[in-house]
Amino acid sequence: MNFTGFHSQDFDSLTVPGLEPRMEAIIANIRPKLETLGGTLAPYLSALCGEEMFPHVAKHARRTINPPEDTWIAWSSSKRGYKALPHFQVGMFSTHLFIIFAVIYESPNKETIARYLEKHTAKVDKLVPADFYWSTDHMKPEGTLHGEMNKEALLQMAGKLKTVKKSELLCGLRLDRDHPLLQDGEGLTHKIEQTFETLLPLYKGSF
């Protein structure tokens, strides 16, 4: 299967009422595309990171009542999972696609990336494009554009990572669901690769 991008039906899958109907829509419409993307990008990410990177598609297996508001594929250096490790993700809420680097609350690497941010604040401020965004909660679609941040805000995020147990760090690009690039499989794949390359220093800085 060639990756053909994402379309309105894919995003609409995340608004289907009820857990089982929404999961059926996700499995039918989105998951095959994420799986294809996972296999397509794994060799690229492995070469980029200098270690084998394994794709992991979100299964939402623990959900029993509330339907998922987003779904994704993650790549990490472990074949067993990704949540405890710094990782890359491509996923979607009903409103947008996200292409990110993430260290979430389950990862012991939070302090490492926090120290990296504190030590290299000026470098990070320059390397992250203005239209990328930062978030401290992977469950929420909101975030703050890097262009609206300053060095003090980056330092505050670093401090939160070290002191707040549930704190997280996400950084990357969002594309609105009607962005024309989303329906161009080849063009979107290239954009994802470019985004991951830009985020590579953050990934490397989290070990």
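Is K83 buried, exposed or partly exposed? Hold that thought while we cover the ground rules. This is a predicted model, where local features need pLDDT of at least 70, side-chain atom pairs count only at pLDDT 80 or more, and totals for chains, interfaces and linings use all residues. Residues are numbered from 1 along each chain as its sequence is written, and side-chain values use heavy atoms, with hydrogens and water left out.

**View 1. K83 sits in the loop between β2 and β3 (87-93).** With a relative accessibility of 30%, K83 counts as partly exposed (buried is under 20% relative accessible area, exposed is over 50%, and partly exposed is in between, using a 1.4 Å probe and protein chains only). Helices (H or I, at least four residues) and strands (E, at least two) are DSSP runs, numbered from the N terminus. Setting aside neighbours within four places in sequence, K83 is in contact with R62, I104, E106 and S107; contact here means heavy atoms within 4.5 Å. From K83 to V103 it is 20 residues along the sequence and 7.9 Å in space, C-alpha to C-alpha.

**View 2. H60 has a positive phi.** The value is near 55 degrees, in a residue other than glycine. You'll find H60 in the loop between β1 (54-57) and β2 (70-76). H60 is buried, at a relative accessible area of 12%.

**View 3. Helices α3 (residues 110-119) and α5 (residues 151-163) pack together.** Two packed helices are described by the angle between their axes and the distance between the axes. For α3 and α5 the angle is about 155 degrees and the axes are 8 Å apart. Axes are lines fitted to C-alpha atoms, for helices over the stretch in contact, and angles run from 0 to 180 degrees between N-to-C directions. The two helices are therefore roughly antiparallel to each other (under 35 degrees counts as roughly parallel, over 145 as roughly antiparallel, 65 to 115 as roughly perpendicular, and the rest as oblique). Their crossing is left-handed, a label used if the near helix is turned anticlockwise from the far one by less than a right angle, with right-handed used if clockwise. On the α3 side, the contact is made by K110, E111, I113, A114, L117 and E118, while α5 brings L154, L155, A158, G159, L161 and K162. Sorted by class, that contact has seven nonpolar, one polar and four charged residues. (Ala, Val, Leu, Ile, Met, Phe, Trp, Tyr, Cys and Pro count as nonpolar, Asp, Glu, Lys and Arg as charged, and the others, Gly among them, as polar.)

**View 4. The buried residues of α3 are K110, T112, I113, A114, Y116 and L117.** What do they pack against? Their partners are β4, α4 (121-127), β5 (133-135), α5, β7 (169-176) and α6.

**View 5. Helix α2 (residues 19-49) packs with α6 at an angle of about 40 degrees.** Their axes are 11 Å apart. That makes α2 oblique to α6, and the crossing of this pair is right-handed. From α2 come L37, T40, L41, Y44, L45, L48 and C49, which meet T189, I192, E193, F196, E197, L200, Y203 and K204 in α6. By class, the α2 contact with α6 has ten nonpolar, two polar and three charged residues.

**View 6. Y44 is a residue of helix α2.** Y44 is partly exposed, with a relative accessible area of 22%. Not counting residues up to four places away in sequence, Y44 touches E193 and E197.

**View 7. The structure holds eight aromatic pairs.** Rings of Phe, Tyr and Trp (its six-membered ring) pair if their centres lie within 6.5 Å; planes under 30 degrees apart count as stacked, over 60 as edge-to-face and the rest as tilted. F3 and F6 have ring centres 5.3 Å apart and planes at 70 degrees, so this pair is edge-to-face. Both F3 and F6 are buried. F101 and Y203 also form an edge-to-face pair, at 6.5 Å centre to centre and 90 degrees between the planes. This pair links distant parts of the chain, with F101 in strand β4 (residues 96-103) and Y203 in helix α6 (residues 185-204), 102 residues apart. F101 counts as buried at 0% relative accessibility, and Y203 counts as buried at 1%.

**View 8. W75, F88, F101, F196, Y203 and F207 form one aromatic cluster.** Cluster member F88 is found in strand β3. F88 is buried, with a relative accessible area of 0%. Leaving aside neighbours within four places in sequence, the contacts of F88 include W75, F101, F196 and Y203, as well as L45 and C49.
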